[in-house]
Amino acid sequence: MENFPAYYTMLFNAITDALRLIGKSRHADAALLLKDAQIHAEDAYIEADSSPASPED
């Protein structure tokens with residue numbers, strides 16, 4: 001299995017949780033969950049992008 005970045009997994013899990021909430025007609029909760037996940041994923045992406053690359057051998 002391929003290793004996906006943490007922000008991808010974070011968003012994927014949030015989408016799964018949001019779909020469950022939508023299925024329970026908890027649309028506002030789903031929207032808040034997705035907005036929060038978006039913010040955290042963006043932060044994780046920026047952090048991963050600004051991390052120094054590992055030195056090449």
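Trainee: In which helix is L34 found?

Mentor: This is a predicted model, in which local features need pLDDT of at least 70, side-chain atom pairs count only at pLDDT 80 or more, and totals for chains, interfaces and linings use all residues. Residues are numbered from 1 along each chain as its sequence is written, while side-chain values use heavy atoms, leaving out hydrogens and water. Helices (H or I, at least four residues) and strands (E, at least two) are DSSP runs numbered from the N terminus. On that basis, L34 belongs to residues 27–50, which form helix α2.

Trainee: Is L34 buried, partly exposed or exposed?

Mentor: Buried means under 20% relative accessible area, exposed means over 50%, and partly exposed lies in between (1.4 Å probe, protein chains only). L34 has a relative accessible area of 34%, so this residue is partly exposed.

Trainee: How much accessible area does the nonpolar patch that includes L34 have?

Mentor: Patches consist of residues with over 30% relative accessible area and no salt bridge; like charges are joined within 9 Å, and nonpolar side chains (Val, Leu, Ile, Met, Phe, Trp, Tyr) within 5 Å. Areas come from the Shrake-Rupley method with a 1.4 Å probe, and for residues only the protein chains shown count as cover. Helix α1 (residues 6–23) gives the largest share of the patch, 4 residues. Together, L11, I15, L19, I22 and L34 have an accessible area of about 410 Å².

Trainee: Which residue forms a salt bridge with R20?

Mentor: A salt bridge is a side-chain nitrogen of Lys or Arg within 4 Å of a carboxyl oxygen of Asp or Glu. With the closest N and O atoms 3.6 Å apart, the partner of R20 is D17.

Trainee: What is the N to O distance in the salt bridge between R26 and D29?

Mentor: Side chains of opposite charge can pair when their charged atoms come close. R26 is partly exposed at 39% relative accessible area, and D29 is likewise partly exposed, at 33%. Their side chains meet at an N to O distance of 2.9 Å.

Trainee: How far apart in space are M10 and A44, C-alpha to C-alpha?

Mentor: M10 is found in helix α1. Contact means heavy atoms within 4.5 Å; leaving aside neighbours within four places in sequence, M10 touches A37, H40, A41 and A44 in this sense. M10 and A44 are 34 residues apart in sequence, and their C-alpha to C-alpha distance is 9.3 Å.
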